[in-house]
Amino acid sequence: MEAQCEINLEIPEKQTVPKPLFCCIAATDYCMLRCRMCNKWKEPVPKPEEVPSLDDWKRFIMGLRELVDEGFEIDFGGGEALSLPILLDMVKFAKKNGFTAVLPTNGYILNEDMAKRIADSGLDRVSISLDTLNEKKYDYYRGVKGVYGRVMKAIDNLERYAPHVMKGICTIIMNENLDDLIPLVKWVSGDERLDWIYFMAVVQPNFSGALDAQWDKRYTYLWPQDSLKVLNTLDELISMKEKNSKISNRIEHLRAYKAYFANRKRFVNKAKCIIGGTALSINTYGFIQLCFFMDFIGNIRKDDIRELWYSDIAQKVRERVDSCKNNCHLLLNCCYIEDEPDLYRRVK
């Protein structure tokens with residue numbers, strides 16, 4: 001059901017509303033993989049008449065252009081974003097209008113032709129999912145045989161046909177790959193084709209329902225069962241970060257992961273949420289959110305983002321975000337800021 005939005009440009013005053021600082025376009029929910037740490041592939045495929053057209057996306061991008069500074073970053077995500085036929089047309093349009101464009105991908109369909117199209121689009125950075133160098137284990141966790149081999153080929157294709165595009169690896173820290181993380185960092189750090197490796201902590205799987213205080217009991221195959229092992233592994237990752245490896249997480253971020261894995265229920269980022277009030281997330285149907293866990297503020301198919309950003313409904317969401325105390329995984333993985341140094345020193 002569509003959220004109703006009554007535009008009111010007088011409340012609040014424009015000068016009191018911060019500019020957007022982040023935008024993620026999840027333009028498709030479709031994914032050909034069957035990952036054990038994500039349920040998005042279980043989502044129904046929308047009908048063509050239910051989703052925005054290329055013109056709708058272009059109109060949104062042009063409206064956003066008036067709200068943000070030059071070089072503002074748009075993340076084009078999914079599902080598997082590259083499965084959407086118009087995705088690289090969206091990227092090209094964004095680049096022509098002064099945006100930085102970033103794309104996460106599972107690499108499965110990143111063949112030679114796709115790499116050439118990526119080069120033509122002007123895309124700035126590609127983040128490829130890879131959690132281990134163990135081919136059998138990786139295929140198992142991603143739910144499709146052969147995905148590991150395709151990831152390796154995707155890296156080759158990007159290097160050959162889109163050499164200007166920066167590329168790195170995104171790795172989830174979870175129960176089954178703790179022994180694989182150090183070798184993975186060494187491999188990335190020694191591979192001239194790759195620019196970084198970024199770690200994320202395993203959380204409640206995407207699209208598994210409302211935030212669940214007991215999710216780790218439901219997903220024991222994801223949550224590390226040996227707490228000492230994960231903490232020691234993170235200590236080694238911190239040491240590698242200090243020695244100029246290609247780990248892109250800050251040291252404070254890795255220490256926060258230690259606090260989280262030591263006791264995920266105790267770990268609460270007490271800083272004011274930096275996602276909801278200054279971020280835009282648009283889903284495959286075109287609905288816009290300032291927080292993934294709060295109401296839609298409108299839809300790009302019928303609403304103007306320049307008006308929505310200053311609307312009464314957007315301000316009400318910001319007020320709710322300001323008072324939110326949820327132990328939100330988005331604060332940990334995507335928009336982490338250190339706010340309580342003692343929290344990390346207690347984790348030995």
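This is a predicted model: local features need pLDDT of at least 70, side-chain atom pairs count only at pLDDT 80 or more; totals for chains, interfaces and linings use all residues.

Q: OK. What's the strand order in the sheet?
A: The order is E6-E5-E4-E3-E2-E1-E7-E8-E9, nine strands in an open sheet with mixed pairing.

Q: Which strands stand at the edges?
A: Strand E6 (196-201) and strand E9 (296-299). Each has a single partner strand, so one side of each has no neighbour in the sheet.

Q: And how much is the twist from one strand to the next?
A: The average is 25°.

Q: Let's zoom in on E3 and E4. How many bridges join them, and are they parallel or antiparallel?
A: Four bridges, and E3 runs parallel to strand E4 (residues 125-129). As for who faces whom, threonine 105 is opposite isoleucine 128 in E4.

Q: What does helix H5 touch on the sheet?
A: Helix H5 (residues 147-161) packs there, touching E4 and strand E5 (166-173). The direction of H5 makes about 165° with that of E4.

Q: And H6, where does that one lie?
A: Helix H6 (residues 181-189) lies across E5 and E6. Its angle to E6 is about 155°.

Q: Now H2. Which of its residues are buried?
A: Helix H2 spans residues 87-96, and its buried residues are Leu87, Leu88, Met90, Val91, Phe93 and Ala94.

Q: What covers them?
A: The cover includes E1, H1, strand E2 (73-77), strand E3 (100-105) and helix H3 (112-121).

Q: What's up with the glycine that follows H2?
A: That's glycine 98, and its phi is positive, near 90°.

Q: Switching to charges: how many salt bridges are there in the whole structure?
A: A search finds 20. One of them joins the side chains of aspartate 29 and lysine 40, at 3.5 Å from N to O. Both residues sit in the loop between strand E1 (22-26) and helix H1 (54-65), so the pair ties together parts 11 residues apart in sequence.

Q: Are those two buried or exposed?
A: Aspartate 29 is buried, at 10% relative accessible area. Lysine 40 is also at 10% and counts as buried. The cut-off for buried is under 20%.

Q: How accessible are aspartate 56 and arginine 59?
A: Aspartate 56 is at 12% and counts as buried, while arginine 59 is partly exposed at 45%.

Q: What does arginine 65 pair with?
A: Glutamate 70, in a salt bridge whose closest N and O atoms are 3.9 Å apart. Arginine 65 is buried at 17%, whereas glutamate 70 is exposed at 65%.

Q: Which residues does Glu66 link up with in a network?
A: Asp304 and Arg306; salt bridges link the three.

Q: Cysteines next. How many disulfides are there?
A: Zero in the whole structure. Cysteine 35, for instance, is in none, and the nearest cysteine sulfur, from cysteine 31, is 5.7 Å away.

Q: Is cysteine 35 buried or exposed?
A: Buried, with 9% relative accessible area. Cysteine 291 counts as buried too, at 13%.

Q: Last topic, the backbone. Where is there a cis peptide bond?
A: From glycine 78 to glycine 79, with omega near 20°. Glycine 79 is in the loop between E2 and H2.

Q: And which residue other than glycine has a positive phi?
A: Asparagine 244 is one, with phi near 65°. You'll find asparagine 244 in the loop between helix H8 (227-242) and helix H9 (251-262). Its relative accessible area is 72%, so asparagine 244 is exposed.

Q: Why flag those two at all?
A: Most residues other than glycine have a negative phi, and most peptide bonds are trans.

Methods. Residues are numbered from 1 along each chain as its sequence is written. Side-chain values use heavy atoms; hydrogens and water are left out. A salt bridge is a side-chain nitrogen of Lys or Arg within 4 Å of a carboxyl oxygen of Asp or Glu. Helices (H or I, at least four residues) and strands (E, at least two) are DSSP runs, numbered from the N terminus. Buried means under 20% relative accessible area, exposed over 50%, partly exposed in between (1.4 Å probe, protein chains only). A disulfide is a pair of cysteine sulfur atoms within 2.5 Å. Contact means heavy atoms within 4.5 Å. Two strands pair if DSSP finds at least two bridges between them. Axes are lines fitted to C-alpha atoms, for helices over the stretch in contact, and angles run from 0 to 180 degrees between N-to-C directions.
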